Amino acid sequence: MSLFKKLVGKILNQPEDDDDQDLVKLGDQLKNADLDYKFAQLFTHSGGFFNYCADEAEALNTLNHILKIEQVKSVFCWDHDLKNFLNVVDVPYTPQLELFNDCAFITCEYLIAFDGRIMLSHNNILHYHSSRLPEKIVIMANVSQIVTNLNDAMSKIKRNGNIRNLTSISGSNSKLDTPNKDNTKLFLLLLED
């Protein structure tokens, strides 16, 4: 593979075409890496689009860019704080999931560094099953939400109490679970706390 193609692959935040290394091996190679780096590598390897944002202004610009590039016309968003972002970028949204929504803008419970998955609950997607979400999903999270593994996430959830409808999602290339749909695009806006 040419150096140019490798650089373009890195710029687009996507795994290289000839990178057939499986997620488990990559996770093992990254076992001593910082959690945020490990999560980012495994998330993008599974087909997710990782966007680090130093502050809310950068997150807003990135969100606006994603919505324009993806030609989003209607967003499912019920979170009050996230609605403020959509009001600024002037994109229509609904507080309930509708068939015409072509994107979901949600939060998450945890980012799992072990395999690059994102844990969701009713706090993020209400009573909807993750498979009902639109093909484009934009998730806003903070660095402090990165946990080592599923056990770590579950123990934190246990301490927090009443959390229902737990599920996890990953990029469309993940072999660990069945993705929402083959053409799902999963974008993460990761903010510093």
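Modeller: Before we start on this predicted model, a polar contact is a pair of N or O atoms within 3.5 Å, of which one must be able to donate a hydrogen and the other to accept it.

Colleague: Which residue caps the N-terminal end of helix H7?

Modeller: Helix H7 covers residues 150–160, and Gly161, with a positive phi near 95 degrees, follows it. At the N-terminal end, a side-chain oxygen lies 3.2 Å from the backbone nitrogen of Asn151, and the residue that supplies this oxygen is Asn149.

Colleague: Is Arg117 buried or exposed, and which side chain does the side chain of Arg117 contact?

Modeller: Arg117 lies in strand S6, which spans residues 117–120. Because its relative accessibility is 17%, under the 20% cut-off, Arg117 counts as buried. Its side chain makes a polar contact, at 3.1 Å, with the side chain of Ser168.

Colleague: How many disulfides does a search of the whole structure find?

Modeller: A disulfide is a covalent bond between the sulfur atoms of two cysteines. Cys53 counts as buried because its relative accessibility is 0%, and Cys108 likewise counts as buried, at 5%. For disulfides, the search of the whole structure gives a count of 0.

Key
Residues numbered from 1 in each chain as written. Predicted model: local features only at pLDDT ≥ 70, side-chain atom pairs only at ≥ 80, totals over all residues. Heavy atoms only, no water. Helix = DSSP H or I, 4+ residues; strand = E, 2+ residues; numbered from the N terminus. Disulfide = S-S within 2.5 Å. Buried < 20%, exposed > 50% of the residue type's maximum accessible area, 1.4 Å probe, protein only.
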